[in-house]
Amino acid sequence: MQIAIIGADERTPAIKRYLMESGIGIIEITEQNIRRLMQCQIIVLPMRALEEDGRIRGSQVRMGMVLSHAAERSVIYGGCFPEVLTRRPLGRRIRIIDYMQDENVREENAGLTAEGCLVEAVTKSRYCIKGRNCLVVGFGYCGRAMAKRLAALEAEVMVCEEKEECQRAAMEMGYGLWQQGAKEQTFEWIFYMADKPCPIETVLKWCNEKTYLWDITTGGGLPAEELEEKGVHAEHLTAIPGRILTESAGMIFAQMIEREAAGYGRV
């Protein structure tokens, strides 16, 4: 089994090392050897696969070239693909798979995101985790991982979540719930992990001059500049695993790819 790697981000060296140590052959594809894609059933792209001009991140190869030269029934891994690629059928039964479609990857990546947030929180605020009064906004994969790690390190954890099933899950796990209409309550640390924006009036109910707020949402769910003007320490954190936990993040993706390779008789 040979796997093609095109382009690179911070995780790519770890992905490559893990696969090679597992005995999988790696072909690094450039414009000059693009025809070698025909030798590979699996093609690996970066987490944020494409630049705005259609080039694969860290490469001069364009996505159109990949689709033209890929073997029949190839599987292409990457992330943040535009809908025009993922919603239309591709020729020769080629499949495009986003890393974050995999349940194991989403859960493990959420754990890395939570650990990265803790690193930021301790570094920036210079407080230990034990005893911190924390609010986790959003109780999806990342929110649950965040709350679990905070509680394990003896922080005081409350959850803000609108979905009833997520509220029930939070209560079953022993976390208190903050809800609209509750009396004003401030927190030392806030981790914003919801999938939609929150009105600044609500956010300010949680904050005082000692509050530190971290927003991990891709587009920035909170108005950081406006919050800073009101004295709230707000920071937008994106792609945490890919910035500070690159070895672990790369290994998660590599293990996913290796599982796919097993389907082609690799293992």
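This is a predicted model: local features need pLDDT of at least 70, side-chain atom pairs count only at pLDDT 80 or more; totals for chains, interfaces and linings use all residues.
Local features need pLDDT of at least 70 and side-chain atom pairs count only at pLDDT 80 or more, while totals for chains, interfaces and linings use all residues. Residues are numbered from 1 along each chain as its sequence is written, and side-chain values use heavy atoms, with hydrogens and water left out.

A nonpolar core is a set of buried Ala, Val, Leu, Ile, Met, Phe, Trp, Tyr and Cys residues joined through side-chain atoms within 4.5 Å; buried means under 20% relative accessible area, exposed over 50%, partly exposed in between (1.4 Å probe, protein chains only). The largest such core has 28 residues, and Cys-117, Phe-139, Met-146, Leu-150, Trp-189 and Phe-191 touch the most other members. Helix 4 gives the most to this core, five residues (helices are DSSP runs of H or I, at least four residues, numbered from the N terminus). Apart from this core lies another, of 23 residues, including Ile-27 and Ile-76.

Helix 4 also meets helix 10 (residues 246–262), their axes coming within 10 Å and crossing at roughly 175°. Axes are lines fitted to C-alpha atoms over the stretch in contact (heavy atoms within 4.5 Å), with angles from 0 to 180 degrees between N-to-C directions. The two helices are therefore roughly antiparallel, the term for angles over 145 degrees.

The structure holds 15 salt bridges, each a side-chain nitrogen of Lys or Arg within 4 Å of a carboxyl oxygen of Asp or Glu. One of them joins Glu-154 and Lys-130, with the closest N and O atoms 3.8 Å apart. Glu-154 is partly exposed at 47% relative accessibility, whereas Lys-130, at 52%, counts as exposed.

Technical notes
Angles under 35 degrees count as roughly parallel, over 145 as roughly antiparallel, 65 to 115 as roughly perpendicular and the rest as oblique.
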